[in-house]
Amino acid sequence: MNRPRIRTFSLQCRERYGQAIGKIPLDLGIPCPNRSRGGCLYCRPASFTPFSLRSTDALAEQIHRGKEHLLKGRFRHYFGYFQQETSTALATDQLITLLDQVLVDPDCQGLILSTRPDTIADDLPAALAHLVRYSGKPCLVELGLQSIHAQSLRLLNRNHSFADFVDAVHKLHAVAGLEIGAHLILGIPGEAEAEMLTTVQTVCALPIQALKLHHLQVIEGTPLHHLFNQGRVPVFTLEAYLELLLRLLPHIPPRITLHRLWSTAHPHLLVAPKWHCLSGELSKQLHRMMAERGLWQGQKTGEGEGSTEEGVKQR
């Protein structure tokens, strides 16, 4: 039995839909509630907001522009991707009405809600599950955690705890039909590799189906930029980060889909690290290194041991 070295989002889409599926970022214009408490140390939304996206546009216009500027003929279908700010800070009935507007588009294959673990209202999971049932389209709720370690969450000014994350996972898992994801940052100041590995293993032991990893980036004008200028924020070289991934990926169960393994920020706002390497080339380099060393996702978890190493090498 063959299997890929990494279970990527594109692979999952090919398995589920027989084709690659794009993502169209959408913005409901709901500010992240953490901004009133100083905001996250590293965050500046402009660094990852597509140039075509305007929060003042109606959702229909955002989708139209996304198809025109982001899909660019590469994808026929898309997921509505609520990555901007914190969409679930909106009242549940209002949010469901807006999500329904996206799902009625026949080109939309489902939803991805990227949000904070402390903004999952008690009535939201059941409402989302109902939306999934009657639309027949999946919904992934991606919870931004970044780290399980309290000192790191304090440093980042996340203003939520790991317990908040676990509580949100359990709320979402308690209803049938929702997919759950986690978003982690690697390279938080003060964390050694052992702490990063503990975060990955602890989160993967929870009932999640998706994971997004990325290296810490310093964005111009953020509090993290100020600390970086003081020499207090080490960043990964490309080589060091790839080596870290090679050590972490074998500990991630093969059932978990990896939506991202590194950050991409607008170059004019990115302070560090600057690798001058496109995502496609990074992916090729990582896969090449895994093949050379006989590594694959989940190798050290004991899951899916029916696959042979020789089978993996053939992919």
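**Close-up views of a predicted model**

**View 1. His-215 is found in strand 6, and here is what surrounds it.** This is a predicted model, so keep that in mind for every view here. Setting aside residues up to four places away in sequence, His-215 touches Ile-185, Leu-186, Phe-236, Tyr-241, Trp-262, Ser-263, Pro-273 and Trp-275. Take Trp-262 from that list: 47 residues separate His-215 and Trp-262 in sequence, yet their C-alpha atoms are 5.6 Å apart in space.

**View 2. His-214 also has its place in strand 6, which covers residues 210–215.** Is His-214 buried or exposed? With 11% relative accessibility, His-214 counts as buried. Look for another histidine here: the side chains of His-214 and His-183 make a polar contact at 3.0 Å. If you skip residues up to four places away in sequence, the residues that His-214 touches are His-183, Leu-184, Ile-185, Leu-186, Tyr-241, Arg-260, Leu-261, Trp-262 and Ser-263.

**View 3. Here we step into the largest nonpolar core, made up of 68 residues.** Leu-211 and Leu-286 are the ones with the most contacts inside this core. Which helix gives the most to it? That would be helix 9 (residues 238–248), which supplies seven residues. Zoom in on Leu-286 and, leaving out neighbours within four places in sequence, you'll find it in contact with Ile-6, Leu-242, Leu-245, Leu-246, Leu-249, Leu-261 and Trp-262. Another core, this one of eleven residues, lies apart from the 68-residue one. Tyr-42, Leu-216, Val-218 and Leu-227 are among the residues of that other core.

**View 4. These cysteines are on their own: searching the whole structure turns up zero disulfides.** As a reminder, a disulfide is a covalent bond between the sulfur atoms of two cysteines. Cys-32 is in no disulfide either, and its nearest cysteine sulfur, in Cys-40, is 6.0 Å away. Cys-32 counts as buried too, at 14% relative accessibility.

**View 5. Two phenylalanine rings, those of Phe-162 and Phe-165, form a stacked pair.** The count of aromatic pairs comes to five. For Phe-162 and Phe-165, the ring centres are 6.1 Å apart and the planes are at 20 degrees, so this pair is stacked. Both residues belong to helix 6 (residues 162–173), and because they are three residues apart, about one helical turn separates them.

Key:
Residues numbered from 1 in each chain as written. Predicted model: local features only at pLDDT ≥ 70, side-chain atom pairs only at ≥ 80, totals over all residues. Heavy atoms only, no water. Core = buried A, V, L, I, M, F, W, Y, C linked by side-chain atoms within 4.5 Å. Buried < 20%, exposed > 50% of the residue type's maximum accessible area, 1.4 Å probe, protein only. Helix = DSSP H or I, 4+ residues; strand = E, 2+ residues; numbered from the N terminus. Contact = heavy atoms within 4.5 Å. Polar contact = N/O pair within 3.5 Å; in protein donor to acceptor, adjacent residues only side chain to side chain. Disulfide = S-S within 2.5 Å. Phe/Tyr/Trp six-rings, centres within 6.5 Å; stacked < 30°, edge-to-face > 60°.
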